[in-house]
Amino acid sequence: MARPLCTLLLLMATLAGALAGSECKEALVKSRMNVNMQYQLPNFTAETRIQNVVLHKHHIYLGAVNYIYVLNDKDLQKVAEYKTGPVLEHPHCFPCEDCSHKANLSDGVWKDNINMALLVDTYYDDQLISCGSVHRGTCQRHVLPPDNTADIQSEVYCMYSPQTDEEPGQCPDCVVSALGTKVLLSEKDRFINFFVGNTINSSYLPDHSLHSISVRRLKETQDGFKFLTDQSYIDVLPEFQDTYPIKYVHAFESNHFIYFLTVQRETLDAQTFHTRIIRFCSVDSGLHSYMEMPLECILTEKRRRRSTKEEVFNILQAAYVSKPGSQLAKQIGANLNDDILYGVFAQSKPDSAEPMNRSAVCAFPVKYVNEFFNKIVNKNNVRCLQHFYGPNHEHCFNRTLLRNSSGCEVRNDEYRTEFTTALQRVDLFTGQFNQVLLTSISTFIKGDLTIANLGTSEGRFMQVVVSRSGLSTPHVNFLLDSHPVSPEAIVEHPLNQNGYTLVVTGKKITKIPLNGLGCEHFQSCSQCLSAPSFVQCGWCHDKCVQLEECSGGIWTQEICLPTIYKVLPTSAPLEGGTTLTICGWDFGFRRNNKSDLKKTKVFLGNESCTLTLSESTTNTLKCTVGPAMNEHFNVSIIISNNRGTAQYSTFSYVDPIITSISPSYGPKTGGTLLTLTGKHLNSGNSRHISIGGKTCTLKSVSDSILECYTPAQTTPTEFPVKLKIDLANREINSFSYREDPVVYEIHPTKSFISGGSTITGVGKYLNSVSVLRMVINVHEAGRNFTVACQHRSNSEIICCTTPSLQQLNLQLPVKTKAFFMLDGIHSKHFDLIYVHNPVFKPFEKPVMISIGNENVLEIKGNDIDPEAVKGEVLKVGNKSCENIHSHSEAVLCTVPNDLLKLNSELNIEWKQAVSSTVLGKVIVQPDQNFT
């Protein structure tokens, strides 16, 4: 897979690439952040895939397939583990029952135990609660010892206690679904409540033990849970469970409310998917206050919500809730103590919940979410929850109660409601990640800045300042792993110097510092100085380091000297007028990351090169050179600003010269490929060739050769050839236009399938062109074949050799269309028929037949097409037979007279396109007939 490098380059190229022309791409790559850096970071690799991670009292607890691990938080060394599977599942075994004695029963199945939820509870005891995919989704609690030794196996209790008075199919202790779940633990009024969102389908229908959304209370005995009312859970109706899946992506609590974030179909019948936020009161054990509303992260052309073009990123991939830094809070209208819901969204494939590599990041202040819920209710833009109550249910909510309610009073009236208007927010990074699939987000505060940790589907980890006022790019960007970054993330001690985040990728967990990963990955001074201040990077000599790493030099966080990487072109004509493109970095850079090019000067030696500010950036300078002022053709380019200078020595003034042109003639219709030979023909940056005031279209450019196609003229005449390179003008001898060539006929009109026939084109003005080609179109095979042609001594005749078509396996005879390309002129099309190859009979001693005063050779055979054999396919020595005649099952050809004077043995050959066949020999003696 070649995508990771593509992805990492995109993140920086989105900005920088738009600022410079294609000439400076190489310089941009060298000045960008090095995203191939490798770091030695504390990490741990589990035996199986990690699903959940929690941090408690300096220990990290990992929930993985068949294992729970305990690591220390310093260097992620394993201090304990507990094996949770595989386990034997049997329909007659209770969740807490040991089924090993039933291992031989045919209906028992060994299953991996996938950790679906991992929670820490400190109300009753310090205990770790793990819920797995086996035993009907029940949980275990591991009592943690007071000495903080991370012992998770000494006291392990199954949280299941079947009750005889339970309704059939009800199991409050069956908590999580193997298809996907989100569990939120909350302490309210001296009780522990579990809020659970489960993905379910028809496989759970027989016992109804799991519910789509539910709230249950932990018993004081801690051996299980109980529903407080028969309204403490809601289920997708059985008829929709397989066609209307709900994926629970994230859950959080804020003030008086519980929130779940989901991905689901827009309606029961829709093929499209979107994201919803669910809200209900944390004290509402009957879920009467349950509400749903769509969330959308959008990208607009002008970064405002009302725009002609709006892209919706509809599928939430990960979410995180935390406080904002003061800068972001001001930008989004929030207070420092407000909860902000940060989400990474992707665009889905059509009619699918599968994400594409197109992402956006949005921030939703939770107080705005609540305000929007109330605003929508007053607009009456509500409907029944169709997946819970069916499409025809009409009395699922009470608007009077909603309108007059603060939202969390205990009510017995059911008003579970779905709102159809989406709450929208604009992508914070204005499309920067529109070719990346983001899979993880967490945030932390440094000073007045809000910093986001982002992970990708390709295993990259990034840190970037979150801001709506200016487009920021990641200041950390490296490949963490080959597996996608998990949405499960923990940020610890964000305000301290030793703050860190825990990032999961497949079986691996890594500890990454929040204060950055050093400065070495910044390859240019401007990038180094543009990094957030808490990273503490500065420029020393020619590298980015922290202050203590700068030895024997000046460490600065203010000044960047310009660097020249390349100048294009490297030469200009003596007359000047050439626009130079100077590639490099840190041109006109100021500490506030704004360009200050007005104070930048460019010199060629002692002469100024006029800077074009509108086309110049911190990576590219455009300036126009004047004429050479003296005989010193090699000059240095110097860039100067108020902070320093940079010098580049490989530039020169040159004198372009044309020494010859070829050919010197062509048809008046034009299209002749004209070659100009000379010196310094690729100097400067623009060249124009004209003949008779019309443009000769350039085909190729090099230092010594220019090629162009001649323009058309109305009459045959001569014109000088003129070359203009920037402000330099050159002229050379004339190019002659001649009458346009015409081909009237061809002969023969047939060729053997093996090719090699000489096709003669007869016409007029055929000496007007120097490049002659014949094109044969084989319609049945959808192919064209092109062969070169030559002039014969007669200027009205051209000859071409047919190609072999044997490889096409055609049904013979086959009609093709042949035409001639005469410079830029195409002749009319002629029928050319390919026929079967003849079967010539080899002979040891040629038989000669005299006809008059000529010497005639008889060659016998079968299937000799009388027209095709005229294509000069029979040769004696190196001469074609003359005066070909067919006679019965033989060919009569006259031996050329000049061969009769030879005293030698000559081959009689049948010529084909790629080979020839010797049919026999002729012995020629002076003044004698053949013998």
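Strands S50 (residues 687-691) and S53 (residues 718-725) run antiparallel to each other and share 5 bridges; here, strands are DSSP runs of E with at least two residues, and two strands pair if DSSP finds at least two bridges between them. Within this pair, Ser690 has Lys722 of S53 as its bridge partner.

A word on the basis: this is a predicted model, in which local features need pLDDT of at least 70, side-chain atom pairs count only at pLDDT 80 or more, and totals for chains, interfaces and linings use all residues. Residues are numbered from 1 along each chain as its sequence is written, and side-chain values use heavy atoms, leaving out hydrogens and water.

S50 and S53 belong to an open sheet of 8 strands with mixed pairing, ordered S47-S49-S52-S51-S50-S53-S54-S48. Strands S47 (657-662) and S48 (665-667) are at the edges with a single partner strand each, so one side of each has no neighbour in the sheet.

| Pair | Sense | Bridges |
|---|---|---|
| S28 (residues 438-446) and S29 | antiparallel | 8 bridges |
| S29 and S30 (residues 460-466) | antiparallel | 6 bridges |

Thr443 has Ala452 in S29 as its bridge partner, and Leu454 stands opposite Met462 in S30. The S28-S29 hairpin has 2 residues between its strands, and Gly447 in the turn has a positive phi of about 65°.

Conventions: Helices (H or I, at least four residues) and strands (E, at least two) are DSSP runs, numbered from the N terminus.
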